[in-house]
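Please look at the sequence and the model first.

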Amino acid sequence: MLRIGIIGPQGCGKTTLLQALAPAVKVDGGTRREIHIGQAKVQDARLDHLYHIFGRSKKVNAIVEYVDVAGYQRGEAKTSGYDPQLLVEIRSCDALLHLLRGFDTPGLPDADPLAGYETDFAEFLISDQIIVEHRIERLEKEISKKPSPDLKREYQIMQRCQAALLEEQPLRTLDFSAEEEKILRAFQLLSLKPELVVINIAEEDIARSKDIVSEFRQTIQHPGVEVSVACATIEMEIAQLDEASAREFMDDLGIRESALNRLIRASYKLLGLISFFTIGDDECRAWTIRNGAIARAAAGEVHSDIERGFIRAEVVHFDDFKPRGDLAACRKDGVRRLEGKQYIVKDGDIIEFRFAV
Ligand SMILES: Nc1nc2c(ncn2[C@@H]2O[C@H](COP(=O)(O)OP(=O)(O)OP(=O)(O)O)[C@@H](O)[C@H]2O)c(=O)[nH]1
Ligand SMILES: [Mg+2]
């Protein structure tokens, strides 16, 4: 399961946001610091439609997993900086939801999300630089002892990284081949991770959301970084209400849509994930795979037996299904067709696997 790390300066609202995103938070004990993990449902109007049309008893949404690696109790965190252990935890995440404090808190400096971002940005670059430099030193030694094409190639990649970092360029802005990316993945470099910046704004700033985002974007123009806003305390309240009360609460505050669904969808995209659907005997279900995955891998998500015994996949895209509303009609019109195991699954495919075990 791919994971998004909720990171950001002390008191920026990480724990509050995680609770809003995924109320059922599991706590991993055992380590020096607690790690909070939450699974958020990915709302998907297409799945809702299928569930409605097919009338199955259960609907199963795709999920995104979030982790609040800081896991401090309130007020326990250090005033600034990320300690080395915390950076190790952040490195193990697949993407980052970088939360910034945009509201004032007694006892903390005035809210300055831009400054907060720049501080973290600099710290992450330095941390990457240290890793890259160590690796370069190490490779130089190894190459001088026993040179090999693999070592030399890695050396070149690391030198490219080093040059970029010295120019204060995050690594995610460089172009790497799939093979180079694979080599780099082992080093878990922070500035290579896709990042979603979320400014946690004060309740009274909700009406100014758009301006706040565009101000931020004007100053910080890092490619590969998305910017968004949310008000974590409000979102937590909305998440705890039933649908009707939530609607009323949002109307009172002049909020059209909860930010959570938007954030979850953005997170999903950030991780490079897409959904395909299955219509089972008793459930309509959305499954998650990486963008670019083949039908056989999709089968493996559902069950390892289906992957092993894969024969064919019968596929129709949701957009072709919707106007017809019936699988047989889709087949008749040729939009529902058989695909082999190498077929590249598209976001929104409705798939029935044929397999033999
Ligand atoms: N006004 C306002 N207060 C917020 C918001 N989000 C969080 N807070 C408050 O800010 C304080 C810190 O929130 P936490 O969620 O504990 O922040 P954190 O990032 O987990 O903090 P550490 O784990 O200590 O780094 C709490 O008192 C929250 O109620 C927000 O959107 N608006
Ligand atoms: Mg916390």
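How do the residues of the shell around ligand 1 divide into nonpolar, polar and charged? Eight are nonpolar, eight polar and three charged. Here Ala, Val, Leu, Ile, Met, Phe, Trp, Tyr, Cys and Pro count as nonpolar, Asp, Glu, Lys and Arg as charged, and the others, Gly among them, as polar.

This is a predicted model, in which local features need pLDDT of at least 70 and side-chain atom pairs count only at pLDDT 80 or more, while totals for chains, interfaces and linings use all residues. Residues are numbered from 1 along each chain as its sequence is written, and chains are lettered from A and ligands numbered from 1 in the order in which they are written.

**Ligand**

Around ligand 1 there are 19 residues, of which Gly-13, Lys-14, Thr-15, Thr-16 and Ala-232 come nearest. A residue is near a molecule if its C-beta atom, placed from the backbone, lies within 6 Å of it. Two helices, α1 (14-21) and α8 (232-240), each supply at least two residues of this shell. The most comes from α1, with three residues. Helices (H or I, at least four residues) and strands (E, at least two) are DSSP runs, numbered from the N terminus.

**Domains**

The bounds below come from an automatic or database domain assignment.

| Domain | Residues |
|---|---|
| domain 1 | residues 3-47 + 61-103 + 194-270 |
| domain 2 | residues 121-191 |
| domain 3 | residues 292-355 |

The C-alpha centres of domain 1 and domain 2 are 30 Å apart.

**Helix α10**

The buried residues of α10 are Ala-259, Leu-260, Leu-263, Ile-264, Ser-267, Tyr-268 and Leu-270. Buried means that 20 or more other C-beta atoms, placed from the backbone, lie within 10 Å of the residue's own. After α10 comes Gly-272, with a positive phi near 70 degrees.

**Overall form**

The protein has 14 helices and 13 strands. Its C-alpha atoms fill a box of roughly 65 × 60 × 40 Å along the principal axes. Buried residues are 34% of the 357 residues. Among contacts with a separation of 6 or more, 68% join residues 24 or more positions apart.

Methods: Buried ≥ 20, exposed ≤ 12 C-beta atoms within 10 Å, placed from the backbone. Contact = placed C-beta atoms within 7 Å.
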